[in-house]
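Here's a quick walk through a two-chain model, from one residue out to the chain contact. Have the viewer open as you read.

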Amino acid sequence: MHSDHQPTLPWQRVLGQRRVKLLLQRAIHNGRLPHAYLFHGPEGVGKDAMAIEFARVLQCDAGGVEACGTCDSCVKMATLQHPDVHVITALPVGKNEEGGDGPFDRLTQEEMKTVRAELQAKAQDPYHRISIPRATGIKVNSIREIRREAPLTSAGNKRRIFILSNADMLADVAANTLLKTLEEPPPHCMFILTTSYREELLQTILSRCQQVRFDPLPDTQIQDALVARDGVETNHAALLARLSGGSYSRARELTGDDLMTEREHVLEFVRRAVVSHHADVGRIIDTVTDEKDRMRVTRFLHLLLLWFRDALVLGKQGNIINIDQREPLERFIGRYPTADIPAILAAIDRAISLVERNVYIKLILYDLAGQMKANIR
Amino acid sequence: MSEYIVTARKWRPMKFESVAGQEHVTRTLRNAIGVNRLAHAYLFSGPRGVGKTTTARLLAKAVNCANPVDANPCGVCENCTAITEGRNFDVQEIDGASNRGIDEIRNLREAVRYPPTTCRYKVYIIDEVHMLTKEAFNALLKTLEEPPPHVLFIFATTELSKVPPTILSRCQRFDFRRIPHAQIMGNLAAIAREEGLQVEEDALSLIARKGDGSLRDAQSMFDQVVALCGTTVTMAGMQEALNIVGVDVHFRVTDLMQQQDATSVLLLVDELMSGGYDLRDFLGGLLEHLRNLLIARVVGDTSLIEASDVTRKRYSETATRFSVSDLLRAQRLVHGTDQALRFTAQSRFRLEADMVQLVTMPRAVDLAGLIDGIEELKKSGIAVPAAAPAPALRPLQAAAPSAARPVSPAAPASAPPQASTGDTATPPAPLRSPSRAAQAQTDKAPVPAPLPSGQGRTVNEDEVRSRWAELLADISRKKIAVGSALVGVTFLGVTNGVIRVECDTDFQLSTIQHNREVLVEIIQSVFNARGTMQGELAAGRGAPAAKEEHPFVQTLKRELGAEPL
């Protein structure tokens, strides 16, 4: 039992999430650690980061509420190579992969290299989003390996922790294969599932886990983190934080490209979609379309969504996010007071999900422009 | 460190009686064991966390127990303990999801042929049986139809539809039910007692509700709450620890709906976000809240509402301020938001947009009132002069309130009979052509109508101006249809006891006109003086609206004689 008195907090590696930290720390303190957690909440708010930190603390040889960082276990955790902490992610299916194979057995050299590199990146930076080409889901073979591994006792007779990152990626069979183990795992096993899409998990999985909700991060926390961790200049960080919608990962993605030009594009798109002919809209669509980098289009659409959200909110005297664009926003709502902005927001939302589903991008954007025009009268 | 076992596992029932909420299953099974009429294959289906696997295990033990007590397993004999610990070879629990192929089933068919070693029955429990492949199911068919006498199959699944009918017809089927709220509560209370935990009843009730019919869900939640709050769980502590949206917030939303206050609702969303509340939780609660209001509005009886008495009273008070159709529309909108939020990328913005829509939603005129209005419009359109139809329809409604109000001194003067006499006697009205009838009424008719004789004083401008809001509120309370139509009219002044208001739409105009008696009545009760109301169309409105009529609508009217609804 840990001797410390209750309220503790830091766990510096994880941004914010005060409520969750306290919840987990109290569970440790009260000796009431369930065998399965589900961390759910918006994207990029630190679910994986929390899972890893939590595992690090639980495995630390010093046994405190804070991981010591120097013991054998912590050293291994630093590279995510701890023998008793398994991070399971979506993987590509290998050539001729069969039921009995281990998850990595049939992967090519190159694929293995990517997988290792991505895991290392995650170890370096728990907010890193693992992306492995052709990895469409968490494989049944990965789950079968868990079932093989779980009953083995670990060297130090410690907990064995399985972190299933993005558990919504569990394919149907894989999810069902996990059920029995998740309900009654062998002793000393703990599962931590993380997901941004809780609704996509099976009810039977949900009901076997203690569900822990994560909140969007406050703007100030994101801003501070951007300055401290990513060396972003303060004012820019403030803008990014506001645009991020409470997601640190999204804020960081926005640092990469020319945010200002992208926002100019948003304005341009609105302008053309509303006033001009289809041919004219085409030019701006060509500029923002990038078939190879669909993420960029998604980001563009998110910015567009934000812009119209502001138009809606400004019309009702609320607080806007694009403060530097107050003027065009005001002009817009002054000119089109009857525009059906909720309908436009819904259209953009739909466009985002279509982009994610691999629909031809130009088609989506033309359609969106048309819908915007139709809803602005 | 002794390992902590979650409640759902630690308190897995050891007797048929303690399986919550499935008496229809457990009683049948116990009787079957008692009279030795066991089927050779059972299929348990039902939602997650209601006791399927538990019952399967109990059945396996009960049929093999050396000294069963009243068809319950004794729990102490060699067979019982061995099965509980999972080391009995004759009782096999197979995970259907991981052993789903035809090969596994072939192995099983081989094994089935050998008689049990220590037990009476060889029991095969196949959990998550819906995951078996088609071939595997088919390979099982023959064995399942006529298994050796010593074999008992028990299948459990949450997805019955995935099990082929050929399998279903060979099994005795039991549908497990969602567990009622009270039983979940009872179960949790018993566990809390056993574990020496103090849990407030309200808190238990909430946890049970969150379980949504599944005991395991409720128990998982219970574990989390106990891990957070320690051995004493209070409602307040729990709400704080888990950030549960209270019912007050939902009342605030409906208040804002009434005030049509979009700015405040945006602030409210902001509050929810920064407070770290679960938006879906908020919406779920809002749906329940609207449902409660609907019940209070429609049924009038609040006993169907799961809440404390104080809250119930609040519901019946609030409900009167909304029409049924408003509540239904609000519910539909919120439901749509809830659905959309499951998959949207930026839930906050969606919520903001929809909440703004919700509070600014134009309030529906009560359907009954609307139909009345149409009826009247029709009649006034068909050459019936002035407001003659109105008194014909009104007296019942209008007379009732005036009769109920005993000591209003001027009541006789404005009581419907007199008023209607005055109406029909109005001379200029019949001279108007039918199409202009509506317009004519507002111009001339109402003035003499409410003031038939000099009994009592007439209203004056100052008192109306100072108590204008009060008058509107009173109208809304007594006649919601009129009240909501009057939203947005501007008070102009009072001339000779006629309160003149500026209307934006024809609809407001005609509403005022058709409810003259009601208005007279209300004015009487508010100011204790005679008076009536007359609408004037705002300059520049109305006329263009008529001009803008869509060509399609015009065609409809011309060709088919359509009428606006």
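## Starting from one leucine

B:Leu188 sits in helix H8 (residues 181-194) of chain B; helices here are DSSP runs of H or I with at least four residues, strands are E runs of at least two, and both are numbered from the N terminus. This is a predicted model, where local features need pLDDT of at least 70, side-chain atom pairs count only at pLDDT 80 or more, and totals for chains, interfaces and linings use all residues. Residues are numbered from 1 along each chain as its sequence is written, while chains are lettered from A and ligands numbered from 1 in the order in which they are written.

Is B:Leu188 buried or exposed? B:Leu188 counts as buried because 27 other C-beta atoms lie within 10 Å (buried takes 20 or more such atoms within 10 Å, exposed 12 or fewer, partly exposed in between, with C-beta atoms placed from the backbone). Setting aside neighbours within four places in sequence, B:Leu188 is in contact with B:Leu204, B:Ile207, B:Ala208, B:Ala218 and B:Phe222; a contact means C-beta atoms, placed from the backbone, within 7 Å. B:Ile207 is 19 residues away along the chain, and its C-alpha is 8.9 Å from that of B:Leu188.

## Chain B overall

Chain B has 30 helices and ten strands. Of its 565 residues, 39% count as buried. Take the contacts in chain B between residues at least 6 apart in sequence: 74% join residues at least 24 apart.

As for confidence, chain B averages a pLDDT of 78, with 80% of the residues at 70 or above; pLDDT is the predictor's per-residue confidence, from 0 to 100.

| Stretch of chain B | pLDDT | Contacts in the model |
|---|---|---|
| residues 383-450 | under 50 | 107 beyond four places in sequence |

For the complex, the predictor gives an ipTM of 0.76 and a pTM of 0.69.

## Where the chains meet

The contact takes 44 residues from chain B and 45 residues from chain A. On the chain B side, helix H10 (215-229), helix H13 (262-274), helix H16 (324-343) and H17 each supply at least two residues.

Just after H15(A), A:Asn358 takes a positive phi of about 65°.

Note on methods
Contact = placed C-beta atoms within 7 Å.
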